[in-house]
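Colleague: I'm still new to reading protein models. Could you walk me through one, feature by feature?

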Amino acid sequence: MTAIFILVGIIALLAGIMYLVAHGMLIKLSVLFNQIVSTDDKTMKYRISVGVVFVVIGLFFLFMAYYIANLQAG
């Protein structure tokens, strides 16, 4: 269960960072990313908001993985 949270957290965090910093590369990778995350015109218009949301979701999942791991250890 923890591994799933870590995987989802890392994917969301990377997607968010790409929306914020490397949106040109995101457009080039849109063929692959359209299966996971929509990169249409509206998404790119609000790319900063979408990027921040993905970063927050990624951090949340990573925190939950850490919290669950500590619950199981203690």
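Predicted model: local features only at pLDDT ≥ 70, side-chain atom pairs only at ≥ 80, totals over all residues.

Colleague: What kind of aromatic pair do Phe63 and Tyr67 form?

Modeller: To judge that, look at the angle between the ring planes: under 30 degrees counts as stacked. For Phe63 and Tyr67 the angle is 25 degrees, with 6.2 Å centre to centre, so the pair is stacked.

Colleague: Is Phe63 buried, exposed or partly exposed?

Modeller: Check the relative accessible area: under 20% is buried, over 50% is exposed, and partly exposed lies in between. Phe63 has 47%, so it is partly exposed. Tyr67, at 44%, also counts as partly exposed.

Colleague: How many aromatic pairs does the structure hold?

Modeller: There are four. One of them joins Tyr19 and Phe54, another stacked pair, with 5.9 Å centre to centre and 10 degrees between the planes. This one links distant parts of the chain, as Tyr19 belongs to helix 1 (residues 2-20) and Phe54 to helix 5, 35 residues apart. Tyr19 counts as buried, because its relative accessibility is 1%. Look as well for Phe5, Phe60 and Phe61, which form one aromatic cluster.

Colleague: Which residues is Arg47 in contact with, leaving aside its neighbours within four places in sequence?

Modeller: For that you look for heavy atoms within 4.5 Å. Arg47 touches Tyr19, Leu20 and His23 in this way. A polar atom of the Arg47 side chain also lies 3.4 Å from the backbone oxygen of Leu20. As for its place in the fold, Arg47 is in helix 5, which covers residues 47-73.

Colleague: Now zoom out for me. How many helices and strands does the protein chain have?

Modeller: Five helices and zero strands. Read from the N terminus, the order of elements is α-α-α-α-α.

Colleague: And what share of the residues of the protein chain count as buried?

Modeller: Of its 74 residues, 28% do. The accessible surface of the chain is about 5200 Å², and carbon and sulfur atoms account for 74% of that.

Colleague: One last thing: what can contacts tell me about the chain as a whole?

Modeller: Look at how far apart in sequence the partners are. Of the contacts between residues at least 6 apart, 71% join residues at least 24 apart.

Definitions and conventions
Residues numbered from 1 in each chain as written. Heavy atoms only, no water. Helix = DSSP H or I, 4+ residues; strand = E, 2+ residues; numbered from the N terminus. Buried < 20%, exposed > 50% of the residue type's maximum accessible area, 1.4 Å probe, protein only. Areas by Shrake-Rupley, 256 points an atom, 1.4 Å probe, with all protein chains shown as cover. Polar contact = N/O pair within 3.5 Å; in protein donor to acceptor, adjacent residues only side chain to side chain. Phe/Tyr/Trp six-rings, centres within 6.5 Å; stacked < 30°, edge-to-face > 60°.
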